[in-house]
Amino acid sequence: MADRKALVVWGGMDLHTPERGAHVVRGLLEEEGFAVTVTSDYDALGAEDVGSNALVVPVITDGTLAPEKMANLIAAIRAGTGLAGYHMGLATSFRASVPFRYAASCYWVQHPGNILTYRVDVTRPDHPIMAGIESFEHTSEQYYLNYDPAVEVLATTTFSGAVHPWRKDVVMPVVFTTTHDKGRVFYSSLGHTADELDIPQVRTILKRGLLWAAR
């Protein structure tokens, strides 16, 4: 019998294949014995009992949640429910909500050049999420983020300046962890579409990050 519950909520831009991505997340968690609910109903994130979940994963581009429902979600995270996301999830979810932005700890602002090949540099090989993973080349959107200086950065990418010369040599987090009161927060910018989640390093980082964040 599954002893922990997880909630995966998907929505927003179709180009991010959110429904397929949500079911990849479901599979990763079910492999570890979680009872997983997958839904496109954003209000599930703000349900009175959302705090009964060990983990919530928004696979959502933008969107809105009523302030009182957002307050329920943030209270659950602060009490210990984990929050995890990849690519658009967290970085673009609920853009207009200041409380969510504080919890998410990052905000997407640009991907210069759109799809290109860039290097993901593992900076914390000693962290369990990154153990055994070497730096690798990745072809996707290279996310430029505004991020909370409180995050613990596990992998980075460096912008070449080929597209936006004024950002040459900027080092940007790709994978990080942090906390929001008692809740653990995990984010990876990898996974523009669900197909990318089949890449071994991307999949391993995501699975380990989900498990790390879960209460």
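1. Let's start with the salt bridges: a search of the whole of this predicted model turns up 12 of them.

2. Glu31 and Lys207 form a salt bridge in which the closest N and O atoms are 2.6 Å apart. Glu31 sits in the loop between α1 (18-30) and β2, while Lys207 belongs to helix α5, so this pair ties together parts that are 176 residues apart in sequence.

3. Lys207 also forms a salt bridge with Glu32, with 3.0 Å between the closest N and O atoms. Here too helix α5 meets the loop between α1 and β2, so parts 175 residues apart in sequence are tied together. Glu32 has 40% relative accessibility and therefore counts as partly exposed. Through shared partners, Glu31, Glu32 and Lys207 are joined into one network of salt bridges.

4. Another pair to check is Arg119 with Glu137, whose closest N and O atoms are 3.7 Å apart. Arg119 is in strand β6 and Glu137 in strand β7, 18 residues apart, and the pair links distant parts of the chain. Arg119 counts as partly exposed because its relative accessibility is 41%; Glu137, at 51%, counts as exposed.

5. β6 (residues 115-122) and β7 run antiparallel, with six bridges between them. If you want one to click on, Val120 has Phe136 in β7 as its bridge partner.

6. Stepping back to the whole sheet, you will find nine strands in an open arrangement with mixed pairing, ordered β2-β1-β3-β4-β11-β10-β9-β6-β7. β2 (34-39) and β7 (136-141) are the edge strands, each pairing on one side only. On average, neighbouring strands are turned by 25° against each other, direction ignored.

7. Now for the helices on the sheet. Helix α2 (residues 67-79) lies across β3 (55-60), β4 (82-86), β10 (171-180) and β11 (183-188), and runs at about 85° to β10. Helix α5 (residues 200-213) packs on the sheet as well, touching β2, β3, β4, β7, β10 and β11, and its direction makes about 170° with that of β11.

Note on methods:
Residues numbered from 1 in each chain as written. Predicted model: local features only at pLDDT ≥ 70, side-chain atom pairs only at ≥ 80, totals over all residues. Heavy atoms only, no water. Pairing = 2+ DSSP bridges. Helix = DSSP H or I, 4+ residues; strand = E, 2+ residues; numbered from the N terminus. Axes fitted to C-alpha atoms, helices over the stretch in contact; angles between N-to-C directions. Contact = heavy atoms within 4.5 Å. Salt bridge = Lys/Arg side-chain N within 4 Å of Asp/Glu carboxyl O. Buried < 20%, exposed > 50% of the residue type's maximum accessible area, 1.4 Å probe, protein only.
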